[in-house]
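Work through the exercises below with the sequence and the model side by side, and try each task before reading its solution.

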Amino acid sequence: MVFSPSLISKLQRAESVTVFTGAGISAESGVPTFRGTDGIWKKFKPEDLANFDAFIRNPELVWEWYKYRKQLMGSIQPNAGHTALAEMEKRFAQFAIITQNIDNLHRRAGSKNVHELHGNVERNYCIGCGKTFADEEIMKMDKAPRCTSCGDLVRPDVVWFGELLPVDQWQKSVSAAERADIFFSVGTSSVVFPAASLPHTAKGAGAYVVEINIERTELSPFADEVLLGRSGDILPNILKLCRSSRMSEQN
Ligand code: OAD
């Protein structure tokens, strides 16, 4: 794979790299994306399930969907894209992943500095008292899980439609975007705000913005480079480039 001289030289000199990921990076692990040809949007209306009012109206239905997604996400593995990012983290003074995904695959691949903007499907908490619950406990309960302390409903720790992003994760993400020398946007349609504003924040603060996607998106006209292809193919090649171009700093 051939990369532009600009990207090669930026990678050689970068102190701080930030990577913003969306559902596309997990597609090669078998997690359906939200939009696109086989997106889950086609099979049902997510706004009927992924919002607090729907949950209160019909917790059984919402939990049926989340138990299905927990099982799916628990049964898959990180792919070459996730693994390459975990390796890249070791090669830069500052390296952050900002993800919109709830599948925990970045951490499972070994990435350490991960900011989760939309929560994590492996965590759950009581809407009454805030007590947290492990998946093992949740999956054993037949009906919509109830808190063992206060009896209120337990929900997955993910951001639903109409809810605010977790403040600490958002602030860390903005900081990571602002300090990036290179900002990669990987496998996201770049249409869901405020997350989709982060590449623009990075660019405004001077970052070199590189998009990796199988097709052009709303971000493409603003990116310094668009690398068209699968993240599971492109990211391992970028890691190879880091290994060769940053060799002297590692040895
Ligand atoms: P989308 O499903 O909107 O976009 C997935 C993107 O990945 C598309 O642009 C695809 O072209 C691209 N893609 C698919 N396979 C790829 C591959 N192998 N390599 C590279 N790119 C690939 O998913 P998101 O942008 O993540 O929010 O969606 C953003 C948010 O919308 C989600 O986090 C979710 C949803 O509302 C919440 O649930 C709060």
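**Exercise 1: a strand and its partners**

In E7, the residue that forms a bridge with Val19 is Phe184. This is a predicted model, in which local features need pLDDT of at least 70 and side-chain atom pairs count only at pLDDT 80 or more, while totals for chains, interfaces and linings use all residues. Residues are numbered from 1 along each chain as its sequence is written, and side-chain values use heavy atoms, with hydrogens and water left out.

Task: Which strands pair with E1, and over how many bridges?

Solution. Begin with the terms: strands (E, at least two residues) and helices (H or I, at least four) are DSSP runs numbered from the N terminus, and two strands pair if DSSP finds at least two bridges between them. Strand E7 (residues 182-186) runs parallel to E1 and is joined to it by five bridges. Strand E2 (residues 94-99) also pairs with E1 in the parallel sense, over six bridges, and there the bridge partner of Val19 is Ile97.

Task: Is E1 buried or exposed, and which way do its residues point?

Solution. Buried means under 20% relative accessible area, exposed over 50%, and partly exposed in between, with a 1.4 Å probe and protein chains only. Six of the six residues of E1 (residues 16-21) are buried, so the strand is largely enclosed by the rest of the structure. Ser16, Thr18 and Phe20 point one way, whereas Val17, Val19 and Thr21 point the other way. In a regular strand, side chains alternate between the two faces of the sheet.

**Exercise 2: two packed helices**

Task: At what angle do H5 and H10 pack, and how far apart are their axes?

Solution. Axes are lines fitted to C-alpha atoms, for helices over the stretch in contact (heavy atoms within 4.5 Å), and angles run from 0 to 180 degrees between N-to-C directions. Helix H5 (residues 80-88) and helix H10 (residues 231-245) pack at about 25°, with their axes 7 Å apart. That makes H5 roughly parallel to H10, a term for angles under 35 degrees.

How values were computed
Angles under 35 degrees count as roughly parallel, over 145 as roughly antiparallel, 65 to 115 as roughly perpendicular and the rest as oblique.
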